[in-house]
Each structure stands twice: as C-alpha cells, then as structure tokens.
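Thanks, everyone, for making the time this morning.

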Amino acid sequence: MLPYTMSTMSLLYKLDNIEYSYDWNHQKVPVLKGVSLDIEKSSFVCIVGPSGVGKTTLLNLIGFIESPTKGKIDFCGSSTAGLSESEKEILRLKNVGFVFQAFYLIPTLTVLENASYFLPSLGYKKEQANKWTLEILDLLGLADHCHKKPLELSGGQRQRVAIARAMVKKPQVILADEPTANLDSVTADKIISAFQELQKAEGTSFIFATHDSHLVNYAKRVIQMKDGLIHE
Ligand SMILES: Nc1ncnc2c1ncn2[C@@H]1O[C@H](COP(=O)(O)OP(=O)(O)OP(=O)(O)O)[C@@H](O)[C@H]1O
Ligand SMILES: [Mg+2]
C-alpha cells in the first residue's frame, strides 16, 4: 500500500477530469465533460442542476455502476481504474449504499427481507441482521410495515425501504437519487434526522442528487451541475 498523506486519507472521492458519454444512435452523446471534484469523508453533499444535466450519471460513476469514458476516480485514497466488474461489485457491496430513483425493491420479499437483503453477504447472521434492520426500519417510521410486500406500500414507504436497505449496510457513503421525492416535509425531516444520526455514529457520507430545496438546505456542500461541468 502506498504511503498516503493524511489529506489524501481524509478524502472519500477524488475525481480527476471525468468524462462520460452515452452511445446513442451510433453517436457519442457527451454528458460529463471534465469533472474534477474532491469529496471529504463524512460529507453531506447535494448535487443540483436542471433535469438531464447528468446528476444520475455522476452518481452511477461514483457508485461504481458505470465507468468513466475518460479520467479517474480514487476512492478512500486508492485508484479504482482498472478494477474488474467483480472487484467493483465487492467495492460497492462493502462501501456504497445506493438509493435508486426507481427503488428496485424485490416484489416477492417483505420489507424486512428487502431492507436486510445485503447483510448475509456482509457476514451478518440472520438474527443479528433482522435486529439491526428492525432498528433502522423503526427509525424510518416503517416498523409497523415490516411484514408487507412492496406492492402493499405507498410510494413514500417504498422509498423509505430503499433508504433502509442502503443504511443497514453502514457503508462509507450513501448515494441517493432524489431520496425525498415521494415524501412530505415531516417525513423528509425524519429521514434527514436518521441520516444525521448514522453520520454521527458511523461517519457515513451522504451524496444526493436532488431538486428538493428543503433537502438542499441541510447540505453542508452544494454542487451545481451545468453544461457537463460542476460549479460550487
Ligand atoms: N442510456 C442512455 N442513453 C443515451 N443517453 C442517455 C442515457 N441515459 C441518460 N442519457 C442522457 O444523458 C443526460 C443526463 O442524464 P441523467 O439521467 O444523468 O440526468 P439528470 O441530471 O439525473 O436528470 P433528472 O434531474 O431528470 O433526473 C440526459 O440528457 C439523458 O438524455
Ligand atoms: Mg436523475
């Protein structure tokens, strides 16, 4: 392992001149055009900008779901360039909680089973996994719904199950795409307090793509995307 300096060690992400294009209709559609960005550990960051600017694309890159067309991403002081798909999957499993805009809950599993989905792969025993998951579900106001299936829930309840699934992993970072889009302001405040509690206890970072000014008010840092670049 390289002798990283303390300033590098405290960085969660270092993005160096990231470019990303989609292939569409035999053409390259550039979305990110050279994004450089340092994000400290234990951050609370909102990424904002108009629809179609590339917020979800950026989350997919820093969640190791996609790889940049150009440029490099360091995570916790280590380069992620050249990692194989299975190495990226392990990195994601251990370090990243992802809340997708479309949730991607498994319809045949209960709320408790969905929320605790990744814990066996992280070495949790079932009893321990269920106990911890129930604590998080309670914190998110879902304790009474833990034996329901996703189709028996409201949109906002489903969104909270997806949030719980990310939180129970106690990852380095939770990346969330519009995490409050389906929530009223009282429920959104409850979720934000749960995030703050996890951050205090575990040093977790939160990076959100959002249009919600209420959520942006809580952010310690706001990153504005425009024309494929970022502005702060
Ligand atoms: N699979 C794809 N193929 C081609 N172009 C795509 C694809 N996915 C996204 N794009 C384009 O990339 C751009 C950025 O999309 P992205 O989803 O990152 O935007 P966004 O900022 O998250 O928008 P929103 O606020 O509406 O969620 C858009 O112009 C979109 O049309
Ligand atoms: Mg989006």
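This is a predicted model: local features need pLDDT of at least 70, side-chain atom pairs count only at pLDDT 80 or more; totals for chains, interfaces and linings use all residues.

A search of the whole structure finds twelve aromatic pairs, and I will go through two of them with some care. In the pair of Tyr13 and Phe75, the ring centres are 5.2 Å apart and the planes stand at 55 degrees, so this pair is classed as tilted. What does the pair link? Tyr13 belongs to strand S1, residues 11-24, and Phe75 to strand S4, residues 70-75, so that distant parts of the chain, 62 residues apart, are brought together by these rings.

Are these two residues buried or exposed? Tyr13 has a relative accessibility of 0% and therefore counts as buried, and Phe75, with a relative accessible area of 5%, is buried as well.

Phe75 also pairs with Phe64, and here the centres are 5.5 Å apart with the planes at 85 degrees, which means that the pair is edge-to-face. Because Phe64 lies in the loop between helix H2, residues 55-62, and S4, while Phe75 is in strand S4, the pair ties together parts that are eleven residues apart in sequence. Phe64, at 2% relative accessibility, counts as buried too. Elsewhere on the list there is one aromatic cluster, formed by Phe44, Phe195, Phe206 and Phe208.

Now to the ligand. There are 13 residues around ligand 1, and the ones that come nearest are Ser51, Gly52, Lys55, Thr56 and Thr57. Looking at individual atoms, a polar side-chain atom of Thr57 is 2.5 Å from an oxygen atom of ligand 1, while polar backbone atoms are found 2.8 Å from a ligand oxygen at Gly52 and 3.0 Å from one at Gly54. Taken alone, ligand 1 exposes 640 Å², of which the protein buries 63%.

Which elements give two or more residues to the shell around ligand 1? They are S1 and H2, with H2 providing the largest share, three residues. By class, that shell holds five nonpolar, seven polar and one charged residues.

Technical notes:
Residues are numbered from 1 along each chain as its sequence is written. Chains are lettered from A and ligands numbered from 1 in the order in which they are written. Side-chain values use heavy atoms; hydrogens and water are left out. Rings of Phe, Tyr and Trp (its six-membered ring) pair if their centres lie within 6.5 Å; planes under 30 degrees apart count as stacked, over 60 as edge-to-face and the rest as tilted. Helices (H or I, at least four residues) and strands (E, at least two) are DSSP runs, numbered from the N terminus. Buried means under 20% relative accessible area, exposed over 50%, partly exposed in between (1.4 Å probe, protein chains only). A residue is near a molecule or strand if one of its heavy atoms lies within 4 Å of it. A polar contact is a pair of N or O atoms within 3.5 Å; within protein, one must be able to donate a hydrogen and the other to accept it, and residues adjacent in sequence count only if both atoms are side-chain atoms. Accessible areas come from the Shrake-Rupley method with a 1.4 Å probe; for residues, only the protein chains shown count as cover. Ala, Val, Leu, Ile, Met, Phe, Trp, Tyr, Cys and Pro count as nonpolar, Asp, Glu, Lys and Arg as charged, and the others, Gly among them, as polar.
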